[in-house]
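Thanks for coming. I will go through one model this morning, part by part, and keep it short.

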Amino acid sequence: MHDELSFFEKVYAVVREIPSGRITTYGAIARYLAASKSARMVGWAMNNAHDCKEYVPAHRVVNRQGLLTGKVHFGSSDAMQMLLEKEGVRIEKDRVLDFAKLFWDPAIELKL
DNA sequence: CGATTGACGTACG
DNA sequence: TCGTACGCCAATC
């Protein structure tokens, strides 16, 4: 057993803290967890997120360019975009508009 | 058990 | 601006 939350579980915890209509990046989460070198692991965590018992709003996590790179993992190609647009996030060509404006950095918003 | 892959990001030319 | 190379590390082949 792990005394502390595993890396994946930490990622899930952060992602769940993302407010509706806001977004963040894999790198930002990785950096917040002091694992900036493992941004890829955040992606893997999201892939594993389906295993997670609780819901993980993975659609609010995009890459550094604001691209919905993970949309293909939502079953439908437009599912991720639809979820975001439903929260008021404008998207064009799989890219989040006002990305910098909607960016939710855990290192700042969630800093302790 | 070694090689490949991947929902990333930075560095370099 | 664009393409290529590399690091990172778990999971998969």
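Which residues are buried in helix 4? Ala-79, Met-80, Gln-81 and Leu-84 are, in a helix that covers residues 79-86. Buried here means under 20% relative accessible area, exposed means over 50%, and partly exposed is in between, with a 1.4 Å probe and protein chains only. Helices (H or I, at least four residues) and strands (E, at least two) are DSSP runs numbered from the N terminus.

Some bookkeeping before I go on. This is a predicted model, in which local features need pLDDT of at least 70 and side-chain atom pairs count only at pLDDT 80 or more, while totals for chains, interfaces and linings use all residues. Residues are numbered from 1 along each chain as its sequence is written, chains are lettered from A and ligands numbered from 1 in the order in which they are written, and side-chain values use heavy atoms, with hydrogens and water left out.

Back to helix 4. Its buried residues pack against strand 2 (61-62) and strand 3 (91-92). After helix 4 comes Gly-88, with a positive phi near 95°.

Next, Arg-60, which sits in the loop between helix 3 and strand 2. Is Arg-60 buried or exposed? Arg-60 is buried, at a relative accessible area of 12%. Its side chain makes a polar contact, at 2.8 Å, with the side chain of Glu-87. A polar contact is a pair of N or O atoms within 3.5 Å; within protein, one must be able to donate a hydrogen and the other to accept it, and residues adjacent in sequence count only if both atoms are side-chain atoms. Leaving aside neighbours within four places in sequence, Arg-60 is in contact (heavy atoms within 4.5 Å) with residues including Ile-18, Pro-19, Leu-84 and Glu-87.

A residue is near a strand if one of its heavy atoms lies within 4 Å of it. Around DNA strand B there are 18 residues, of which Arg-40, Trp-44, Met-46, Asn-47 and Arg-64 come nearest. Sugar and phosphate make up 45% of the atoms of DNA strand B within 4 Å of the protein.

Which parts of the protein reach base nitrogens of DNA strand B? The side chain of Tyr-26 has an N or O atom 3.3 Å from one, and for the side chain of Trp-44 the distance is 2.6 Å. Asn-47 has a polar backbone atom 2.9 Å from a base nitrogen. Helix 2 (26-32) and helix 3 (39-48) are the elements that give two or more residues to this surface, and helix 3 has the largest share, seven residues.

DNA strand C is surrounded by Lys-37, Ser-38, Arg-40, Met-41 and Trp-44. The side chain of Arg-40 has an N or O atom 3.2 Å from a base nitrogen of DNA strand C. Of the atoms of DNA strand C within 4 Å of the protein, 42% belong to sugar or phosphate and the rest to bases.

Asp-94, in the loop between strand 3 and strand 4 (95-96), has a phi of about 65° and is partly exposed at 24% relative accessible area. Asp-98, in the loop between strand 4 and helix 5 (99-102), has a phi near 55° and is partly exposed at 36%.
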